[in-house]
Every structure is written in C-alpha cells, then in structure tokens.
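Have the sequence and the 3D view ready to hand.

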Amino acid sequence: MARNYPRLPLNEDRRLIALAQAGRKESHAELVLRHVGFVMWRLQSKVFRSHLERHGEDLLSAAIPMLYEKVGTYNLGYRYKAGNLNPVRFGSYIWKRIDGL
C-alpha cells in the first residue's frame with residue numbers, strides 16, 4: 001500500500017510540537033490535524049478490511065485524543081546514549097501506539 005498522506009518536514013514537526021508544549025492550542029490542533037492522514041494510513045495498513053469497515057470511525061475517534069496526549073509526551077531533547085541529539089518525526093513517535101489501537 002502506497003503512502004498517500006503529506007509528510008511534514010522534521011523541522012516543521014518539531015516547531016509545532018515546541019509551540020504546542022508551550023501552550024499554543026492552535027499549534028497543538030494543527031499538529032494533530034496534519035497527522036490524521038498518517039493515522040488513517042496506519043489503520044488501513046494494519047486492520048482487517050471488514051473490521052475497519054465496521055469500526056474504522058471508532059478507531060479514528062480513539063486515535064485523536066491519543067495524538068493530543070502524545071504531543072505532550074514527545075521529548076524534543078531526546079538523545080542517543082552517546083549524547084548526540086536524535087530528532088524523530090512525530091509520525092515515527094506515534095506509529096506503534098496507533099498500531100496498538
């Protein structure tokens with residue numbers, strides 16, 4: 001299945017996360033809305049079609065609050081054990097949690 005959602009550049013991801021963590025609600029909402037396509041793509045690639053047809057809206061509805069929560073727990077200062085900064089895309093940070101839905 002081809003990826004058909006727009007990816008944010010890493011620097012834009014991190015800028016929106018920093019603003020959201022600083023209390024900017026509009027940045028929080030923008031970040032979540034810009035990752036809904038990623039969530040839908042992950043659900044389509046991981047969930048059985050019959051289950052997705054029956055429960056897809058419920059899964060997406062459960063994913064949205066999870067995205068809001070994950071913005072708050074994202075660590076902008078995450079480093080490798082050696083101490084080097086390791087910036088990670090927000091989509092890479094949340095994909096496992098989405099698969100767990």
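How much accessible surface does the protein chain have, and what share of it belongs to carbon and sulfur atoms? The accessible surface comes to about 6600 Å², and carbon and sulfur atoms account for 53% of it. Keep in mind as you look around that this is a predicted model.

The protein chain holds five helices and zero strands, so if you follow the elements from the N terminus on, you read α-α-α-α-α. Taken along the principal axes, the C-alpha atoms fill a box of roughly 45 × 30 × 20 Å. The chain has 101 residues, and 33% of them count as buried. Among contacts with a separation of 6 or more, 63% are between residues 24 or more positions apart. As for charge, there are 17 positive and 9 negative side chains, and the centres of these two sets lie 9 Å apart.

Let's turn to helix α2, which spans residues 25-34. Its buried residues are Ser 27, His 28, Leu 31 and Val 32. These sit on the same side of α2, because they cover an arc of only 135 degrees around the axis. Look at the face turned away from that buried side and you will find the exposed residues Lys 25 and Leu 33. And what covers the buried residues of α2? The cover includes α1 (10-21), α3 (36-46), α4 (49-73) and α5 (90-99).

Is Glu 12 buried or exposed? Its relative accessible area is 18%, and buried means under 20%, so Glu 12 counts as buried. Leaving aside neighbours within four places in sequence, Glu 12 is in contact with Glu 30 and Arg 34.

Next, move along to α5. Here the buried residues are Phe 90, Gly 91, Ile 94 and Ile 98. Seen down the axis of α5, they fall within an arc of 80 degrees, so they line one face of the helix. Those buried residues pack against α1, α2, α3 and α4.

The largest nonpolar core has 21 residues, and the members that touch the most others are Leu 31, Leu 67, Phe 90 and Ile 98. Which elements give two or more residues to this core? They are α1, α2, α3, α4 and α5. The largest share, five residues, comes from α4. To see some of these contacts, select Leu 67: not counting residues up to four places away in sequence, Leu 67 touches Val 32, Val 39, Phe 90 and Ile 94.

One last stop is Leu 60, which is found in helix α4. With a relative accessible area of 23%, Leu 60 is partly exposed, since the cut-off for buried is under 20%. Beyond its neighbours within four places in sequence, Leu 60 is in contact with Val 36, Val 39, Met 40 and Leu 43.

Conventions: Residues numbered from 1 in each chain as written. Predicted model: local features only at pLDDT ≥ 70, side-chain atom pairs only at ≥ 80, totals over all residues. Heavy atoms only, no water. Helix = DSSP H or I, 4+ residues; strand = E, 2+ residues; numbered from the N terminus. Buried < 20%, exposed > 50% of the residue type's maximum accessible area, 1.4 Å probe, protein only. Contact = heavy atoms within 4.5 Å. Areas by Shrake-Rupley, 256 points an atom, 1.4 Å probe, with all protein chains shown as cover. Lys, Arg positive; Asp, Glu negative; His and termini not counted. Charge placed at Lys NZ, Arg CZ, Asp CG, Glu CD. Arc of directions from axis to C-beta. Core = buried A, V, L, I, M, F, W, Y, C linked by side-chain atoms within 4.5 Å.
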